[in-house]
Amino acid sequence: MRMWLCNPRILCQKHLCGEHVEMHMFVGTLKKQKKVDGYIKNNLFQPRAIFIRHQQLSFEMLTRGMNHKSDMQYSDIDISYLSQEYQDWEIDKELALNDLLNRCPDCKKRYDLMQEMSNVINDL
């Protein structure tokens with residue numbers, strides 16, 4: 001399980017759907033009050049971002065014409081059992097993005113296209 005926390009438009013369909021499912025898996029992990037040490041130490045999890053990230057991913061899925069039928073309520077997410085350090089943990093987003101782009105040629109292609117479009121708009 002991991003959170004990429006990049007712009008969802010960058011994600012290929014596989015990574016978009018995968019990260020979405022993993023938000024629900026993280027909620028299950030928290031409900032069972034399981035340890036998250038490995039996710040934190042390996043730059044994979046930002047507890048306070050679960051709900052908004054799920055919303056971002058769901059919106060992108062709908063934008064692409066995909067179905068989304070797995071709502072999440074903010075009240076589903078209880079991080080109170082985690083230490084304050086873990087509750088406030090933030091992913092190194094640049095490191096996560098570089099990891100994603102090095103792993104997935106489809107996400108890299110989408111990222112490059114977004115960069116090109118941004119450059120064209122800036123040149124106008």
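# Helices and salt bridges in a predicted model

Of the chain's 124 residues, 39% count as buried. The model is predicted.

**Overall build**

The chain has six helices and zero strands. Read from the N terminus, its elements run α-α-α-α-α-α. The C-alpha trace spans about 50 × 30 × 25 Å along its principal axes. Contacts reach across the sequence: among those between residues at least 6 apart, 75% join residues at least 24 apart. The accessible surface of the chain comes to about 7700 Å². Carbon and sulfur atoms account for 50% of that surface.

**Helix 5 against helix 6**

Two packed helices are described by the angle between their axes and the distance between the axes. Helix 5 covers residues 93–103, and helix 6 covers residues 105–123. Their axes come within 5 Å and cross at roughly 115°. Which residues make the contact? Helix 5 supplies L97, L100, L101 and R103. Helix 6 supplies P105, C107, K108 and Y111. By class, the contact has six nonpolar residues, two charged residues and no polar ones.

**Salt bridges**

How many salt bridges does the structure hold? There are six.

| Salt bridge | N to O distance |
|---|---|
| E19 and R53 | 2.7 Å |
| E60 and R64 | 2.8 Å |
| D99 and R103 | 3.1 Å |

Take E19 and R53, whose closest N and O atoms are 2.7 Å apart. E19 lies in helix 1 (residues 13–31) and R53 in helix 3, so the pair ties together parts that are 34 residues apart in sequence. Are these two residues buried or exposed? Both E19 and R53 are buried.

Salt bridges that share partners join D99 and R103 with R2 into one network. D99 has a relative accessible area of 27%, so D99 counts as partly exposed. R103 reaches 53% relative accessibility, over the 50% cut-off, and therefore counts as exposed. R103 also belongs to the helix 5 side of the contact with helix 6.

E60 sits in helix 3, which covers residues 50–63. Why does E60 count as buried? Its relative accessibility is 8%, and buried means under 20%, so E60 qualifies. The side chain of E60 meets that of R64 in a salt bridge, at 2.8 Å from N to O. R64 is partly exposed because its relative accessibility is 26%, which lies between the cut-offs of 20% and 50%.

What else does E60 touch, leaving aside neighbours within four places in sequence? E60 is in contact with P8, R9, L16 and R110.

**Recap**

The chain is built from six helices, with zero strands. Helix 5 and helix 6 cross at roughly 115°.

Note on methods
Residues numbered from 1 in each chain as written. Predicted model: local features only at pLDDT ≥ 70, side-chain atom pairs only at ≥ 80, totals over all residues. Heavy atoms only, no water. Axes fitted to C-alpha atoms, helices over the stretch in contact; angles between N-to-C directions. Helix = DSSP H or I, 4+ residues; strand = E, 2+ residues; numbered from the N terminus. Contact = heavy atoms within 4.5 Å. Nonpolar A, V, L, I, M, F, W, Y, C, P; charged D, E, K, R; others polar. Buried < 20%, exposed > 50% of the residue type's maximum accessible area, 1.4 Å probe, protein only. Salt bridge = Lys/Arg side-chain N within 4 Å of Asp/Glu carboxyl O. Areas by Shrake-Rupley, 256 points an atom, 1.4 Å probe, with all protein chains shown as cover.
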